[in-house]
Amino acid sequence: MIKEINIEVDPDSGFCFGVTSAIRKAESLLSGNRPLFCLGDIVHNSSEVERLQAAGLTTISHEQLAALRDATVLLRAHGEPPSTYATARRNNIEIIDATCPVVLRLQRSIKDTYRRENAPQIVIYGKAGHAEVNGLVGQTDGTAIVVDDASDLSALVDPGRPVALYSQTTMPLEGFHAMCGRLRDFSHDPESVECHDTICRQMSNRGEALQRFAAAHDVVLFVSGRKSSNGKVLFNKCRATNSRTYLIADASEVEPAYLSGASSIGVCGATSTPRWLMEEVKQRCKELI
């Protein structure tokens, strides 16, 4: 008798609200045959970027934006610093703003804190150079301190000054709490340290749900683009729960050895992973089995 193998695509994996909204805006404009540019990859997933490029979306850099005139440019969910909007105004560029509402609120909060009288040091828990973080730092005229490891704080932050801690929306919650605790430990006045938990709950709750999903299967195939910060965090959560968790970019990377001896296979992904890509991985598993 041939053993029946269960292959399940996680129903809760895939695009978050912000990414879904950005892609829908792009698709709507492209359906009208309008020339459309996107500042940076619309999502950190090469397969989805290629799909939209085939439909007419052109991805540009900030350097190319500076040379662009009289065009329509979509801003992705990660958000942008004020300098990007200033460039668009100078160059007569129509902005289609698809910044995630969660990121927009965070940008406003940081900007309000920066403009306060006797403003505190602003510390952002996040990845330096990440698109979202660049937009956040831009709210402070480039003065915010960006850290992703609590051990670096003592070298970067003045313990004698008040601090306001914020977080990139996709960072792990436990890391934020560690950062907050570390700041208060070495501050001369722990009560002067403000800790603003700005992690997206769709992201943080997904981590726990993915761990339950990973525990329910013999093998887990985690589908994510290599550039996705969120993907790295969620993949590590899955792998901590199930050691037979494999990171793949698409169906072509599924190795027969990954599936060996498994009676239950789970397919899941990051908030930047399209549903259609996970379904292709499921189909590839069926073919290999």
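**Close-up 1. S228 and its neighbours in a loop.** Here's S228, in contact with H44, A270 and S272 once its neighbours within four places in sequence are left aside. Keep in mind that this is a predicted model. S228 is found in the loop between β10 (219–223) and α10. Is S228 buried or exposed? With a relative accessibility of 3%, S228 counts as buried, because anything under 20% goes into that class. Look at S272 again: its side chain and that of S228 are joined by a polar contact of 3.2 Å.

**Close-up 2. Helices α9 and α10 crossing.** Stay with α10 and bring in another helix, α9. Two packed helices are described by the angle between their axes and the distance between the axes. For α9 (residues 201–215) and α10 (residues 229–241), the axes come within 8 Å and cross at roughly 35°. Which residues make the contact? On the α9 side they are M203, R206, G207, L210, Q211, A214 and A215, and on the α10 side N230, V233, L234, K237, C238 and T241. Sort the residues of this contact by class and you get seven nonpolar, four polar and two charged. As for the hand of the crossing of α9 and α10, it's right-handed.

**Close-up 3. Helices α1 and α2 side by side.** This view shows α1 (residues 17–31) with α2 (residues 46–54), whose axes come within 10 Å and cross at roughly 20°. In α1, look for I23, E27 and L30, which meet E48, R51 and L52 in α2. The class count for this contact of α1 with α2 is three nonpolar, no polar and three charged residues.

**Close-up 4. Helices α5 and α6 packed together.** Now find α5 (residues 101–114), which packs with α6 at an angle of about 30°, their axes being 8 Å apart. That angle makes α5 roughly parallel to α6. Is the crossing of α5 and α6 left-handed or right-handed? The answer is right-handed. From α5, the residues V103, L106, Q107 and I110 meet E132, G135 and L136 in α6. By class, that contact of α5 with α6 has four nonpolar, two polar and one charged residues.

Close-up 5. Follow the chain to T140, which lies in the loop between α6 (131–138) and β7 (145–147). T140 has 0% relative accessibility, so T140 counts as buried. What does the side chain of T140 reach? It reaches the backbone nitrogen of A144, at 3.0 Å. Not counting residues up to four places away in sequence, T140 touches I110, Y114 and I122.

Close-up 6. Most residues other than glycine have a negative phi, and most peptide bonds are trans. Now check D70: it isn't a glycine, yet its phi is positive, about 50°. N118 is another residue other than glycine with a positive phi, near 55°. Where do these two sit? D70 is found in the loop between α3 (62–67) and β4 (72–75), while N118 is in the loop between α5 and β6 (121–125). D70 is exposed, with a relative accessible area of 61%. N118 is exposed as well, at 71%.

Close-up 7. M278 is found in helix α11 (residues 275–288), and with 0% relative accessibility M278 counts as buried. Leaving aside neighbours within four places in sequence, M278 is in contact with V9, S13, G14, V223, V267, C268, G269 and T273. From M278 to L221 is 57 residues in sequence and 9.1 Å in space, C-alpha to C-alpha. For a contrast, find R90 in helix α4 (residues 82–90). R90 has 62% relative accessibility, so R90 counts as exposed. How far is R90 from S264? Their C-alpha atoms are separated by 56 Å, and R90 and S264 are 174 residues apart along the chain.

Definitions and conventions. Residues numbered from 1 in each chain as written. Predicted model: local features only at pLDDT ≥ 70, side-chain atom pairs only at ≥ 80, totals over all residues. Heavy atoms only, no water. Axes fitted to C-alpha atoms, helices over the stretch in contact; angles between N-to-C directions. Helix = DSSP H or I, 4+ residues; strand = E, 2+ residues; numbered from the N terminus. Left-handed = near helix turned anticlockwise from the far one by under 90°. Contact = heavy atoms within 4.5 Å. Nonpolar A, V, L, I, M, F, W, Y, C, P; charged D, E, K, R; others polar. Buried < 20%, exposed > 50% of the residue type's maximum accessible area, 1.4 Å probe, protein only. Polar contact = N/O pair within 3.5 Å; in protein donor to acceptor, adjacent residues only side chain to side chain. Parallel < 35°, antiparallel > 145°, perpendicular 65-115°, else oblique.
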